[in-house]
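Good morning, everyone, and thank you for making the time. I would like to walk you slowly through one structure today, so please have a look at it before I go on.

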Amino acid sequence: MSEKSRGGRVLLILLLAYIFNFIDRQIIGVLALPIKAEFGLSDTTLGNLGVVFGIFYAAIALPIAWLADRRSRVAIIAASIGLWSLFTAGCGLASTYTQLIIARMGVAFGEAGGIAPSYALIADFYPRERRSRALAFFSLGIPIGSALGIFFGGWLATHLSWRDAFLIVGLAGLPTALLVRFLIPEPPRGGQDEAPGETAPPFAEAARMLARNPSFWLLSFGAASGSILGYGLIFWLPSFFNRSFGLAAGEVGWFYGSIVLVGGAAGTWLGGWLGDRLGPARPAAYAHIPAFCFLVTVPALALGLFAPNLWLAWLLFAFAQMTALAWLGPVLSAVQHIVRPAIRATASASFLFINNLIGIAVGIYVLGWLSDRMRAAHGADSLQYSILYGLGFYLLSAGIYFAAARRLNRDWVG
């Protein structure tokens with residue numbers, strides 16, 4: 001098998017794994033409607049699911065990435081897929097809200113070991129001029145997985161129950177662990193770069209290298225600020241469409257799922273294409289792309305929140321979804337280029353630690369908290385205004401990315 005064919009096969013298998021990752025992660029958004037009703041939860045209490053998930057995910061990701069820089073990344077990814085799939089199924093067995101939180105902690109534990117090692121693995125299968133598109137293709141797992149989670153979650157919750165939805169999608173992901181374990185070879189670290197086989201330094205030294213890298217911090221906090229709203233939207237928009245547009249759970253699945261699939265897939269691929277076209281000659285472009293895209297996203301989302309009909313709302317939200325996810329390929333590629341190959345998994349996990357700790361934990365909780373606080377003033381539309389005020393996080397993200405663009409040329413490794 002040619003090197004190009006092997007890289008394509010690896011990328012397809014890892015994409016499948018990432019799709020199941022986001023199905024299992026985001027299905028909770030559309031299932032929040034029946035879960036909230038069954039357990040009698042407020043928006044703030046329901047948002048605690050995101051806080052627990054984000055904190056646990058972030059805490060576990062770093063030690064797993066340290067291990068992935070020293071041991072088989074393929075074995076770690078395969079084990080992680082099996083773990084998060086089983087715990088997703090376990091969510092369906094929860095009879096109390098506390099048990100559901102514990103099961104979601106297990107999902108976070110598994111998912112923490114799947115993504116950062118995958119980034120490093122892809123970087124060792126693709127040369128630098130193709131990495132942005134490769135990572136963007138892998139990142140299609142976010143919109144595809146999120147959309148399928150919304151589709152199937154809404155349909156299963158309507159025709160069966162929210163517990164059955166967790167059981168079915170969780171068990172469906174288990175065969176992917178076998179595909180990863182037996183069909184993906186472990187490549188030499190840095191094999192596509194100038195330092196193949198470079199030995200990973202001790203964790204303390206890797207941490208010092210990252211701490212002295214301004215581009216790493218700016219890219220990480222730019223992504224985290226955007227993810228506060230990004231993760232908040234994927235969790236709360238199903239409830240918004242139910243409250244403000246009167247859509248039932250099954251209708252939300254098709255309406256919002258199609259927005260995420262069409263807009264998200266287009267934006268993820270567009271960002272990767274732009275990154276590979278503009279970035280190799282001008283590294284600052286890797287940060288300029290998300291900065292300008294977030295500036296465009298804000299007015300589109302604001303108009304969508306107050307759209308007079310569903311068709312206009314769909315167009316505005318799909319466009320906003322496209323521009324909001326265009327950051328993935330360029331930023332993820334940039335993170336791989338500002339560190340040595342031997343610490344790529346650690347750098348990716350540190351990036352994800354910041355992104356998920358702030359994005360998932362803060363975003364889901366803050367939008368729910370704001371919604372509860374605005375209920376007296378806005379009634380059933382409180383969530384609508386909570387999201388509107390949350391758009392400020394995209395503006396903050398754009399500003400941080402503009403600052404990152406000024407540093408990337410100096411911190412570039414290659």
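Predicted model: local features only at pLDDT ≥ 70, side-chain atom pairs only at ≥ 80, totals over all residues.

Let me begin with a question: is Arg 375 buried, partly exposed or exposed? Arg 375 counts as partly exposed, at 35% relative accessibility, where buried means under 20% relative accessible area, exposed means over 50%, and partly exposed is in between, with a 1.4 Å probe and protein chains only.

Residues are numbered from 1 along each chain as its sequence is written, and side-chain values use heavy atoms, with hydrogens and water left out.

Now to the chain as a whole. Its secondary structure comes to 20 helices and zero strands, and here helices (H or I, at least four residues) and strands (E, at least two) are DSSP runs, numbered from the N terminus. The radius of gyration is 20 Å, close to the 22 Å that the globule rule gives for 414 residues, so the chain is as compact as a globular protein of that length; this radius is taken over C-alpha atoms, and the globule rule is 2.2 Å times the number of residues to the power 0.38. Along its principal axes, the C-alpha trace spans about 60 × 40 × 40 Å.

Of the 414 residues, 60% are buried. Helix α5, which covers residues 115-123, is mostly covered, with nine of its nine residues buried, among them Pro 117 and Tyr 119. If we take contact to mean heavy atoms within 4.5 Å, then among contacts between residues at least 6 apart in sequence, 85% join residues at least 24 apart.

Some individual residues let us follow such contacts. Leu 210 is found in helix α10, residues 203-211, and counts as buried at 5% relative accessibility. Leu 210 and Ala 347 are 137 residues apart in sequence, and yet their C-alpha atoms are 7.2 Å apart in space. Leaving aside neighbours within four places in sequence, the contacts of Leu 210 include Phe 216, Trp 217, Ala 347 and Ser 350. Ser 350 itself lies in helix α16, residues 344-373, and is buried, with a relative accessible area of 11%. Not counting residues up to four places away in sequence, Ser 350 touches Leu 62, Leu 210 and Phe 216.

Let us move to helix α13, residues 285-305, which is the place of Leu 301. Leu 301 is buried, with a relative accessible area of 4%, and its C-alpha atom is separated by 5.9 Å from that of Ala 320, 19 residues apart along the chain. Beyond its neighbours within four places in sequence, Leu 301 is in contact with Leu 233, Phe 317, Ala 320, Leu 391 and Tyr 394. Phe 319, in helix α14 (residues 310-324), is partly exposed at 38% relative accessibility, and Phe 319 touches Val 296 and Ala 300 when residues up to four places away in sequence are not counted.

Finally, the charges. Side chains of opposite charge can pair when their charged atoms come close. How many salt bridges does the structure hold? The structure holds two, a salt bridge being a side-chain nitrogen of Lys or Arg within 4 Å of a carboxyl oxygen of Asp or Glu. One of them joins Glu 38 and Arg 163, with the closest N and O atoms 2.9 Å apart. This pair links distant parts of the chain, since Glu 38 is in helix α1 (residues 3-39) and Arg 163 is in helix α8 (residues 162-172), 125 residues apart. Glu 38 is partly exposed at 42% relative accessible area, and Arg 163 is partly exposed at 22%.

In the other salt bridge, the side chains of Asp 372 and Arg 375 meet at 3.6 Å, N to O, which brings us back to the residue of my opening question. Arg 375 is also touched by Ser 382, as are Ser 371 and Met 374, not counting residues up to four places away in sequence. Ser 382 lies in helix α18, residues 382-390, and counts as buried, at 0% relative accessibility.
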